[in-house]
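Colleague: I am new to reading protein models. Could you take me through this one, feature by feature?

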Amino acid sequence: MPFLLKKLYPKDHKERTNYVGKIKELKPLFHHYRSLYDYSVNARYNMIKFSIGDAEQIYSDYFIFIKNTIIKILKKSKKISSPNTSTNSGLNIVS
């Protein structure tokens, strides 16, 4: 069963990170996800400031790859699980 058809609701960041590191379809995202997570922790809790240029670079280096990969996974999963694209395929996105 494709992982997107499973109902995965991580209770915290640690569990979400575990999913990203262990689920076959998400493993290619792990380095990017973890790096982006680390940047966010440093900004929020360690008060590390990033310039606009730094933020733009982080966005293009990490976020764009994650976003594009998730879109590909969703499109592939939708084709597998729902031949009728006008109906809800029951996909649950982990946010």
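Colleague: How many helices and strands does the protein chain have?

Modeller: Start with the terms. Helices (H or I, at least four residues) and strands (E, at least two) are DSSP runs, numbered from the N terminus. Here the protein chain has three helices and zero strands. Along the sequence the pattern reads α-α-α.

Colleague: What should I know about the model itself?

Modeller: This is a predicted model: local features need pLDDT of at least 70, side-chain atom pairs count only at pLDDT 80 or more, and totals for chains, interfaces and linings use all residues. Residues are numbered from 1 along each chain as its sequence is written, and side-chain values use heavy atoms, with hydrogens and water left out.

Colleague: What share of the protein chain counts as buried?

Modeller: Buried means under 20% relative accessible area, exposed over 50%, and partly exposed in between (1.4 Å probe, protein chains only). Of the 95 residues in the protein chain, 23% are buried.

Colleague: And how do I read contacts?

Modeller: A contact means heavy atoms within 4.5 Å. Take the contacts in the protein chain between residues at least 6 apart in sequence: 51% of them join residues at least 24 apart.

Colleague: How many aromatic pairs does the structure hold?

Modeller: Rings of Phe, Tyr and Trp (its six-membered ring) pair if their centres lie within 6.5 Å. Planes under 30 degrees apart count as stacked, over 60 as edge-to-face, and the rest as tilted. This structure holds three aromatic pairs. One of them is Tyr39 with Tyr62, a tilted pair: 5.8 Å centre to centre, with 50 degrees between the planes. That pair links distant parts of the chain. Tyr39 sits in helix α2 (residues 30-44) and Tyr62 in helix α3 (residues 52-81), 23 residues apart.

Colleague: Is Tyr62 buried or exposed?

Modeller: Tyr62 has 15% relative accessibility, so Tyr62 counts as buried. Tyr39, at 30%, is partly exposed.

Colleague: Why is the pair of Tyr59 and Phe63 called stacked?

Modeller: Because their planes are at 20 degrees, with ring centres 5.2 Å apart. Both residues lie in helix α3, four residues apart, about one turn of the helix. Tyr59 is partly exposed at 43% relative accessibility. Phe63 is also partly exposed, at 33%.

Colleague: Which residues form one aromatic cluster?

Modeller: Tyr39, Phe50 and Tyr62.

Colleague: What is phi of Met47 near?

Modeller: Phi of Met47 is near 55 degrees, a positive value in a residue other than glycine. Met47 lies in the loop between α2 and α3. Its relative accessibility is 63%, so Met47 counts as exposed.
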